[in-house]
Amino acid sequence: MEPFTRITAIAAPIDLPNVDTDRIVPARFLRKPQGSPGYDRFLFHDVRFEADGAEKPEFVLNHPSFRGARILVAADNFGCGSSREAAVWALAAYGVRVVIAPSLGDIFHQNCFKNGLLAVILPGDVVTGLRGALHARPGSTLSVDLDSQTVTAPEGAVHRFELDPFRKQMLLSGQDEIALTLGYEAQIAEFEARQA
Amino acid sequence: MGTTMFEKIWARHVVAEGPGGQTLLYVDRHLLHEGSTAALVRLAGSGRRVRRPDLSFATADHYVLTSPGAPAPDAEIGSMVASLTAHTAQQGIVFFGRGDVRRGIVHVIGPEQGLTLPGMLLVCGDSHTATHGAFGALAFGIGSSEVEHVLATQTLWQRKPKTLRVTVDGRLAAGVAAKDVILAIIATIGAAGGVGHAIEYAGSAIRAMSMAERMTVCNMSIEAGARCGMVAPDETTFAYVRGRPFAPAGDAWAQALGLWQSLPSDPDALFDREVRLDAADIAPTVTWGTSPQDALPITERVPDPAAVADPVRRASLARALAYMGLAAGVPLTDVKVDRAFIGSCTNSRLDDLRAAAAVAKGRRAVVPAWVVPGSGLVKQAAEAEGLDRIFLAAGFEWREAGCSMCVGMNGETARAGERVASTSNRNFEGRQGKGARTHLMSPAMAAAAAVTGRLTDVRRL
């Protein structure tokens, strides 16, 4: 997993609440292995592209100023619904490293961290303010620093976010979680012995 | 102070307390389906083995074709099942594959086979895993990376969620089903209402439910944002489990029963949040929008965005109506449908098929209507009591077991613009096919819509 430290990048606002993972990656693409050619195009496919593959101009990531955004600023319950990790794989394939929202679907939230995506939870009014700033000045950048747990807004305001120290360490180091858990072999074996 | 059922089960599965408030939990049962194959492939690629193949069970459901006669799928879809077949054989995992009557939707066959038991920690790479919580188990959906982690270690790192008790007291009126109860709960707390929480469903209306009904309720916990939902085990639970192929028997049964009876939340247990609903207030319910929270009694009208003050909510409502092709103010019972789908992990069990057949009997479907049983055994049992003949005589299509048009991964989708009366769990944009429009409802209501061609109040049929 690619470690995460800090990023300054174009951020795109996603205003709709309850964006589900079917919308992030439609079911018919789940037959394609992770990382197969054109995986980045699966992202938001049916709201991003016409049937003939042309871009829908009204979709935020097709706006010239937001194209290639690496940070998404979303609304409540982004990533709700299906557990498909392909939603995170498609975001990663597009280049997204950070999703900021007031709340996230629990499984999506967990899946982000397994793939080196930083999920940032900030209060609703702060997130609404960030989206407003991005709409007012499309193409603005946000800075996200994992070590200090801060998001710096286009106008310079700094918002601190909470993060589980375990997840933070895993992101900073890019460590393989399974390898870490296998270090608990003695405890796992002991638990199994008690059950038997 | 007493302890909640959730906390009791959680405590029984702690392997180690890890860094930063994360707990390493032991997984008693891991259910797999075609969507889990990628994790098996990565595991094999890293040179690791499945730690406990004996605690892992697999079935094919998402990609199996359900058309009558179980035809062979195209190469790409067929490879999804073939790959799972090969990898489970390699790892020594029991697999209910094509041709096995026990094959079916993973959340139907787990309980059916007695693989789902009270007090267990059960996971599956599917968000509707909360279904198994109906037995008083801690059951939740996980992503592909977590599937690989469980395969390799039989454990998962989790942070303890908060607890939310949803109490439904009173008696459900005639024509009101478990599906209406969970749709009403989701409409009350919202699609994000349960985020970060484990839900316990309680109250006399829940206690009075059969296991199939409790599974319907727990199944859609994720549609309220909660990863797991559960119901305390009781005599209804024990009677269902007893004698199932993988359930404990003999001395092991007596021992298990002692444990299971100790699981319900203590009377003085405190929950982080409490929500109460009166069963008498719940009517047959349908969704009108593109989130499961967009649900109303069938007697209502399509809501009007102009009447909503919050601009974000107003825009989202207008978008939903545009996608759904609905005009504000139209009575829901005036909405015409193009198809009906009776099936999915929410509503494909024998009780569900009986409820739909009771409506279909002696009537005639006026739109294409599919009935997709949850498992080969559900299909067999339904046929033994003649439900297939009732459906066929009414012009419904009687199909093979699988997920089918709930999710359309196998290519069984509705066409763009088609409106589906569906017993499934998600009315998201594109869920049942690109551009398809989904209205969620109970099996009886879906059958009623099939025979009238409109959203219909089953009580007035």
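In chain B, 40 residues of domain 1 are in contact with 42 residues of domain 2; contact here means C-beta atoms, placed from the backbone, within 7 Å. This is a predicted model: local features need pLDDT of at least 70, side-chain atom pairs count only at pLDDT 80 or more, and totals for chains, interfaces and linings use all residues. Residues are numbered from 1 along each chain as its sequence is written, while chains are lettered from A and ligands numbered from 1 in the order in which they are written.

**Between the domains of chain B**

Domain 1 of chain B covers 5-261 and domain 2 covers 285-460. These bounds come from an automatic or database domain assignment. The C-alpha centres of the two domains lie 24 Å apart. Three helices of chain B, H4 (106-112), H6 (178-189) and H8 (211-219), each supply at least two residues of the domain 1 side. H6(B) gives the most, with 6 residues. Helices are DSSP runs (H or I, at least four residues), numbered from the N terminus.

**Between chains A and B**

Here 38 residues of chain A are in contact with 47 residues of chain B. On the chain A side, helices H1 (21-24), H4 (106-114), H6 (165-173), H7 (177-182) and H8 (185-195) each supply at least two residues. The largest share, 5 residues, comes from H4(A).

**Residue classes**

How values were computed
Two residues are in contact if their C-beta atoms, placed from the backbone, lie within 7 Å.
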